Amino acid sequence: MDSLTQAVLGGALGGAVLGRRFPRGAILGGALLATLPDLDVLIDYGSAVANFSEHRGFSHSLLVLTPFSLLLAILLSRRWRDVSLARWWAFTALVLLTHPLLDAFTTYGTQLWWPLGEPVALSSVFIIDPLYTLPLLLAVLVALWRPPSRRALALGLTLSSAYLIWSLAAQHWMTQRVRAELAGIGITPQRLLVQPMPFSTLLWRATALTDDQRLEMVTGVLDQPGSMTLERFPRHRELEAVAAGLPEARRLAWFTGGLLDYQREQEQLVVTDVRLGVPGAHPFRFVLAAFDGDDWRPLPSTRLSDVRIHDGMWSKLWRRTFAIKPVLCLRTLQLGEAPADCLDTAL
């Protein structure tokens with residue numbers, strides 16, 4: 001999640017645990033401590049793919065943060081001896097561990113068990129969601145104004161937690177809808193990702209992989225039957241075979257669960273994480289190899305920054321979220337016009 005959300009979550013938890021002893025200090029301290037795991041973005045891991053896939057790595061691992069929170073609690077208990085070690089550990093552990101747990105609700109990928117296992121991405125909440133953040137923000141502001149305001153903090157934490165539960169329920173609902181629609185046209189996807197579109201859990205994007213194509217769909221909680229659109233994108237399996245021999249491409253496939261697009265652009269192999277962003281406006285695109293006329297030559301990975309979004313994107317999303325315009329082609333968020341092959345394939 002974004003830094004503001006992590007800060008207000010940490011502040012609310014800090015105030016709930018230590019607000020009586022440190023009325024404002026616990027909130028401010030919790031907010032600062034909650035942002036600590038994201039400082040890993042300052043580390044250069046040596047390549048664009050490494051920087052992308054190592055973020056939310058060791059600094060978000062429960063196996064690292066749990067002993068670190070205990071060590072920090074011991075140091076704090078020696079400085080402020082009137083607060084028990086158990087309460088200090090409750091403070092540090094809750095603030096630190098909820099950071100990666102909240103991140104795991106997004107799509108990016110959080111390595112909760114680093115260095116073991118695969119990244120966790122529940123994909124039920126967009127990285128910025130005001131409906132989750134606002135209850136916590138208001139609770140923290142009230143508590144700073146009239147500390148300790150434990151009821152306000154408890155209410156903010158309850159509402160935000162309930163929203164996460166709703167996001168999982170809505171995701172399951174939308175997933176069942178998408179699977180049923182695909183089954184109706186004879187498609188059983190190899191892989192299906194259903195995640196919210198920006199800023200709410202009312203509009204959802206589904207990405208499905210088949211043998212030869214990637215399918216993109218948009219559906220909403222407020223939708224009526226027949227308002228789902230289907231866009232088709234070819235899979236270039238020959239480029240996937242080339243990428244299979246590249247260590248950084250394999251790292252991307254591991255980190256993204258295989259939800260990648262492979263393109264040949266200006267004699268270069270460009271690999272795109274299709275989970276994040278929308279078609280035509282994916283923020284994580286990497287050059288991994290170049291074609292020298294006879295074969296593909298691996299290159300140190302670099303990230304492309306040519307993300308172009310149509311000026312009317314936000315108004316399109318707003319109208320589609322509330323079903324005023326029930327058809328939305330994702331490519332139009334970049335192109336600004338509706339391709340016929342999208343409008344003609346409403347399910």
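Start by selecting residues 3-18, helix H1, and residues 85-103, helix H5. Their axes come within 9 Å and cross at roughly 155°, so H1 and H5 are roughly antiparallel to each other (the term is for angles over 145 degrees). Helices here are DSSP runs of H or I with at least four residues, numbered from the N terminus, and axes are lines fitted to C-alpha atoms over the stretch in contact, with angles from 0 to 180 degrees between N-to-C directions.

A quick note on what you're looking at: this is a predicted model, where local features need pLDDT of at least 70, side-chain atom pairs count only at 80 or more, and totals for chains, interfaces and linings use all residues. Numbering runs from 1 along each chain as its sequence is written, and side-chain values use heavy atoms, with hydrogens and water left out.

Next, show side chains where H1 meets H5 (contact means heavy atoms within 4.5 Å). On H1, look for residues including Leu-9, Leu-13 and Val-17; on H5, Trp-88, Phe-91 and Leu-94 are among them. By class, this contact has 10 nonpolar, six polar and two charged residues, with Gly counted as polar.

Zoom in on Leu-9, Ala-12, Leu-13, Gly-15 and Ala-16 in H1, which meet Arg-150, Leu-153 and Leu-157 in H7. That contact divides into six nonpolar, one polar and one charged residue.

Terms used: Helices (H or I, at least four residues) and strands (E, at least two) are DSSP runs, numbered from the N terminus. Angles under 35 degrees count as roughly parallel, over 145 as roughly antiparallel, 65 to 115 as roughly perpendicular and the rest as oblique.
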